[in-house]
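Here is a quick tour of a model, written for someone who likes to know the cut-offs behind the words. Have the structure open while you read.

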Amino acid sequence: MSPTETVKVTARCDTIIPRIREDSSLKLVVVVDENNLPVGILERIEILTAMANPLAYAVFQNRPVSSLMDEEFFTFPADGDMADLSAVINESAESIHTGGLVLLDDNRCAGVLLYSDFLGYMVRQDAERAAELAEAHEVVMDSVNYASRIQQGLLGNRDKMRASFTDVGIVWEPRDVVGGDIFWQSPKRADGMFWVALVDCTGHGVPGAMVSMLVASALNRLWETHNDLNPGEVLGKLGDLVRQALNQDSEDAKSNDGFDSAIVRIEPASGVVNYAGARIGLFVVPREHEPVLRINGFKMALGYKGTEPHAPLPNTELKIHDVAAMVMATDGVFDQPGGANGRAFGPTRLADFLAAHRNDSASELARKLQSEMTHWRGDQSRRDDLSALVLGF
Amino acid sequence: MSKLFIGAGVRTPQITFSFEDGVFSLEGESYPEDVRAFYDDPMAQFYTWLESTSAPLRFEFKLVYFNSSTAKVIMDLMERLEEAAGNGRECLIQWHYAEDDDNIKELGEEFAEDLVSAKFELVEVN
């Protein structure tokens, strides 16, 4: 509330105009009648403008204030709620331009409230709220960033992965710092055999990351206890382990989450690669000038609520010497809308992309795919976690 | 229960369930943060209707993007439709896709592979 100056409606203009000229804090003067009830307002900015002309002042100085005042003005109860005030201000700002409201107490003028004061109040309120939000956001983001370090710890070791192939390219872009996508590589058995997996757990963000921890630990456990399994068997067992761990093997399970995955088993000794996938396919770039081959994964996701154990998934065997590169990608790549018409990127575009860049190294290919995806997305929002593994043989 | 309409959100599709006409549709994008919070109630209403009536039905999918948790909802829905069709109900499933969107088309074809009794149509739109 600003200092309030009132003037009687019958008073002469020269009793108030000089005061308004001298005192810049008098933004709004309330004109009251003999009963002290407000009947109009004088606004400093309008008075100064109108009286800038000495002739105008000469004419008005002897006239009553009523000849100069603005009879249209907005009022608000002095004990009213600030929340209701916004509505009144909105209304008043749309109809006439005044500098403020007249506050009423039992119909009498109790003061004025300048819009500039109210604006200041709103800005302070807003700043306080913004600070509170920023703090809450910081706490959450600190926690999520920390969680991201933990999650990155369970991802495959990039150096070890590169050392296991001619070259490896990795795209790993969780939508929300942490995510449900992970890539993983087993240690090597004495004969050189090892597994590589790409997993897309349902959801993203924190829930996705929680399921991904479970999947990674189940993969480690399977490797330790069952490394004689083929990829299709691994996926079936992995589905069972995750389902049991989430207690989704009963009818009354509360959650219903699972994952998509592709696993390759590489056996350098026999020169053979086996692939199995659940909703993650395999794109093979052959060494010779043959077209890019697409092997579809089994179409069911794994780990979801169910009482029957998962059956082993079908395997596809390839000879290492036929293969230049193998590419696996999560649905964050295929489903991302973009391009001119907001269409999904889709498998055909990925196959074409791989064919166009088949001579690039695996890491170069992954880099280009990453920028291709960014370009494709354009100003569309990122819909999901996005990952791709390019294994160069 | 004659009609259920839920307007599209940024992450949720438009749901139009016309129980009286037996026409149901999901349209737009579907990637709610909590898929159950969004789908549980409308799907429960649909399943209640499915169980308690025997009229022919048409389910239109006009989705341009959906996440894996939504895929699970759709898969459960397809199973229920197939089951109803197996019991003699007339079930038509229409899967809309844009002519240059092979991704959505393929996803529809995958769902269709499990359908024997329910009738499935791919509908190309420009």
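## The negative patch

Is Glu135(A) buried or exposed? Glu135(A) counts as exposed because its relative accessibility is 54%, where exposed means over 50% relative accessible area, buried under 20% and partly exposed in between (1.4 Å probe, protein chains only). Before going further, a bit of housekeeping: this is a predicted model, with pLDDT of at least 70 needed for local features and 80 or more for side-chain atom pairs, while totals for chains, interfaces and linings use all residues. Residues are numbered from 1 along each chain as its sequence is written, chains are lettered from A and ligands numbered from 1 in the order in which they are written, and side-chain values use heavy atoms, leaving out hydrogens and water.

Glu135(A) sits in helix H5 (residues 115–154) of chain A; helices here are DSSP runs of H or I with at least four residues, strands are E runs of at least two, and both are numbered from the N terminus. Together with Glu128(A), Glu132(A), Glu138(A) and Asp142(A), Glu135(A) makes a negative surface patch. Patch members have over 30% relative accessible area and no salt bridge, with like charges joined within 9 Å and nonpolar side chains (Val, Leu, Ile, Met, Phe, Trp, Tyr) within 5 Å. Asp and Glu count as negative, Lys and Arg as positive, and His and the chain ends are not counted; each charge is placed at NZ of Lys, CZ of Arg, CG of Asp or CD of Glu.

## The nonpolar patch

Tyr146(A), Ile150(A) and Met213(A) form a nonpolar surface patch of about 300 Å², with areas from the Shrake-Rupley method and a 1.4 Å probe, counting only the protein chains shown as cover for residues. Met213(A) belongs to helix H7 (residues 205–226) of chain A. This Met213(A) is partly exposed because its relative accessibility is 37%.

## A covered strand

Now for strand S8 (residues 181–185) of chain A, which is mostly covered, with 5 of its 5 residues buried. Side chains in a regular strand alternate between the two faces of the sheet. In S8(A), Asp181(A), Phe183(A) and Gln185(A) point one way, Ile182(A) and Trp184(A) the other, and all are buried.

S8(A) pairs antiparallel with strand S9 (residues 194–201) of chain A over 5 bridges; pairing takes at least two DSSP bridges between the strands. Trp184(A) has Ala197(A) as its bridge partner in S9(A).

## Salt bridges

How many salt bridges are there over all chains? The count comes to 24, taking a side-chain nitrogen of Lys or Arg within 4 Å of a carboxyl oxygen of Asp or Glu. Arg294(A) and Glu106(B) make one of them, at 2.6 Å from N to O. That pair crosses between chains, running from strand S13 (residues 293–295) of chain A to helix H3 (residues 102–112) of chain B.

Within chain B, Glu51(B) bridges to Arg80(B), with the closest N and O atoms 3.1 Å apart. The two link distant parts of the chain, 29 residues apart: Glu51(B) is in helix H1 (residues 35–52) and Arg80(B) in helix H2 (residues 68–86). Glu51(B) is exposed at 56% relative accessibility, whereas Arg80(B) is partly exposed at 26%.

Arg175(A) and Asp176(A) also meet in a salt bridge, at 3.1 Å from N to O. Arg175(A) is buried at 15% relative accessible area, while Asp176(A) is partly exposed at 29%. A network of salt bridges links Arg175(A) and Asp176(A) with Arg11(B) and Glu33(B).
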